[in-house]
Amino acid sequence: MTLHAAKSTGKPTKMKAVDVEVFYGEKQALKKVALDVHENEVTALIGPSGCGKSTFLRTLNRMNDVIEGCRVKGQITLDSQDIYDPSIDVVQLRARVGMVFQKPNPFPKSIYDNVAYGPRIHGLVRTKEETDEVVQRSLERAGLHKEVKDRLHESGTGLSGGQQQRLCIARAIAVDPEVILMDEPCSALDPIATARIEELIDELRSNYTIVIVTHSMQQAARVSQRTAFFHLGDLVEVGDTAQIFTNPSDERTQGYITGRFG
Amino acid sequence: MTDLVDRRTGAHTSDDAAKRLAKRYASERNFRAFGMGAVLFALAALLLLLYTIISDGYKAFVTTNVTVTAQISPELADPGGKREVNDLRRGDYINIARQAIRADLPEVTARQDLRELYGLLSDGASVMIRDRVLRDPSLIGQSITLKVPVSSDVDMFNKGKIVESDIAGGNARVTPKQLGYYKQLQEKGLISTDFNTWFLSSGDSRQPELAGVWGSMVGSILTLAITLALAFPLGVASAVYLEEFAPKNKWTDLIEVNINNLAAVPSIVFGLLGLAVFLQFFGLPRSAPLAGGVVLALMSLPIIIIASRAALRAVPPSIRQAAMGLGASRIQVVTHHVLPLAMPGILTGTILSLAHALGETAPLLMIGMVAFIVDTPHSVTDAATVLPVQIYLWADSPERGFVEKTSAAIMVLLAFLLAMNAVAIFLRKKFERKW
């Protein structure tokens with residue numbers, strides 16, 4: 001396990017969660033989670049299945065809102081502003097906090113329209129030239145432009161799995177978000193495609209704040225600066241990635257990263 | 001780990017095992033044979049049905065004509081002498097037609113015999129001559145040669161549906177004398193069997209040889225247009241609301257149960273509802289496609305809602321999440337992504353429910369669309385009938401000529417249905433997209 005990811009750089013806090021609790025009906029999925037997400041860093045959320053890491057990720061852009069019977073308690077702030085405040089517009093919040101999902105889910109439209117969709121609905125582009133430029137820039141940033149520049153008007157669903165996932169990343173960054181949430185973005189991909197996405201995440205870090213849920217501890221170690229370990233709805237431990245993987249303070253973290261459970 | 005299973009020796013290799021395997025294959029073979037038998041039986045029943053309908057009905061698409069040369073004398077056609085349309089309409093074309101057939105068989109002179117000869121002609125003969133004159137008044141004073149229909153039972157004789165023994169025994173409305181005249185005309189080469197333009201271009205008639213399906217086809221089209229215009233937007237909107245926006249609570253559960261039950265309500269109940277509400281209370285015109293369309297729309301709504309909800313549910317949630325994750329509002333998620341992807345399913349469901357409505361008779365009987373209507377409707381408030389009701393009416397008529405008309409109208413209805421299903425398949429292919 002290489003730990004090329006440096007220690008946390010002590011950047012300012014972008015998102016802050018305080019005493020976050022999530023309930024699905026009567027069942028409590030998250031218990032009093034407090035976590036800071038630092039700007040321009042990659043924060044990895046790890047833990048065994050059903051530990052609440054995906055649930056926590058989805059509270060950060062209120063994707064849990066649409067789940068029937070889901071309640072969120074506590075406070076989550078984006079740039080010190082409570083995102084669960086009634087005055088917050090959820091549509092705008094999701095434009096600022098973008099998301100990439102576990103399974104690549106491009107729209108059944110052309111590659112161009114996939115990327116242009118976000119900017120169009122938010123009115124970020126007015127002319128064809130502006131749209132062209134945003135599409136090109138986003139695809140370049142997602143490292144996909146070279147591969148697809150000659151077939152921008154072919155369907156996005158015709159790409160390979162790894163390309164589809166990079167298309168989804170391009171689509172997310174086309175809206176110019178501040179934070180990108182990634183829910184196990186590589187779990188459906190082969191190792192080569194995974195390596196490309198990981199490289200991409202490392203590049204994107206300079207412009208965006210990234211929170212990534214991953215099942216792979218190696219991946220967390222490779223791409224993240226900070227790691228949070230969840231277990232049974234508790235946030236057990238959070239700290240610099242290097243520290244979590246070399247010198248965890250909690251016994252459960254130790255057990256998980258050494259493969260005794262999970 | 002290896003000692004977890006106490007493996008019996010030869011569990012899968014003994015004779016017993018071979019027997020068990022043979023039994024499994026046998027049951028599979030039996031099942032397949034049973035399935036194929038069921039399919040073959042269904043196919044045979046369908047073919048038999050089509051055969052009876054087509055063998056009865058195809059002859060209705062041709063009709064027996066007699067060629068006559070009609071003298072359009074000014075005294076008979078235009079008693080006013082001013083060539084005005086209203087005057088021309090009142091001309092004595094029956095007399096012109098009679099003189100024309102008389103000219104074909106000049107040897108018939110006795111008054112009694114002439115009456116029998118005139119009976120060979122259909123009432124349509126004078127109508128055809130009148131229409132020709134109205135279209136072109138300059139024909140007055142000239143003579144025109146045209147083919148006019150013979151009366152229904154003569155037509156039936158020509159088609160072999162009535163045989164000579166029927167006529168001799170007095171079991172038909174043709175007398176042996178008329179039959180003799182018919183044979184004389186045939187010898188002169190004046191009888192011909194031609195494509196029946198009346199059948200596809202006119203409305204109902206008491207005379208089988210003049211009855212057509214055009215009036216009821218237009219009635220069906222107008223009725224279905226009303227049904228589509230009401231049921232499609234209402235059904236899709238309800239489905240979208242229930243599936244994408246409505247909270248899941250006991251009220252929406254109740255609504256769902258009710259919709260499912262409504263889909264199973266016998267259609268005649270919708271007819272009674274239409275009679276009580278749309279005709280009595282709102283005063284919609286009786287027998288009109290407007291009222292019929294509204295009733296059929298009510299009947300189709302639950303089916304469209306159920307089909308649309310199923311289509312919406314089949315859109316993968318990942319597409320909704322992707323759009324929501326980009327900051328699309330709920331209505332944008334629905335209109336930009338979910339609805340277009342669900343459209344093939346929604347359209348198929350809609351067209352199938354419309355096809356169902358097209359074949360519906362019972363509710364329309366309740367609102368008076370069963371009336372005898374000769375004119376082709378021109379608007380949705382005109383009195384009209386629809387194809388299945390027309391079939392019902394003809395099937396109920398005692399004249400022999402209506403037997404083949406009934407089957408032929410069923411063929412037209414089936415063609416209509418096939419066309420609608422073809423449109424459904426076409427739309428499905430056109431809008432189908434992969435994800």
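**Notes on the model**

1. Let's begin with how chain B is divided. Its domain assignment lists domain 1 (2–57), domain 2 (61–206) and domain 3 (214–431). Please keep in mind while reading that this is a predicted model.

2. Next, the relation of domain 1 to domain 3 in chain B. Taken over C-alpha atoms, their centres are separated by 39 Å. The two do touch: 4 residues of domain 1 of chain B are in contact with 6 residues of domain 3 of chain B. On the side belonging to domain 1 of chain B, that contact has 2 nonpolar, 1 polar and 1 charged residues.

3. Now to the contact of the two chains. Chain B gives 17 residues to it and chain A gives 21 residues. On the side of chain B that touches chain A, helix H15 (317–325) and helix H16 (330–358) of chain B each supply at least two residues. The largest share of that side comes from H15(B), with 6 residues. By class, this side of chain B divides into 7 nonpolar, 7 polar and 3 charged residues.

4. Strand E1 (residues 13–24) and strand E2 (residues 27–38) of chain A run antiparallel and are joined by 8 bridges. Within this pairing, A:Met15 stands opposite A:Val37 in E2(A).

Technical notes: Residues numbered from 1 in each chain as written. Chains lettered and ligands numbered in written order. Predicted model: local features only at pLDDT ≥ 70, side-chain atom pairs only at ≥ 80, totals over all residues. Contact = placed C-beta atoms within 7 Å. Helix = DSSP H or I, 4+ residues; strand = E, 2+ residues; numbered from the N terminus. Nonpolar A, V, L, I, M, F, W, Y, C, P; charged D, E, K, R; others polar. Pairing = 2+ DSSP bridges. Domains from an automatic or database assignment.
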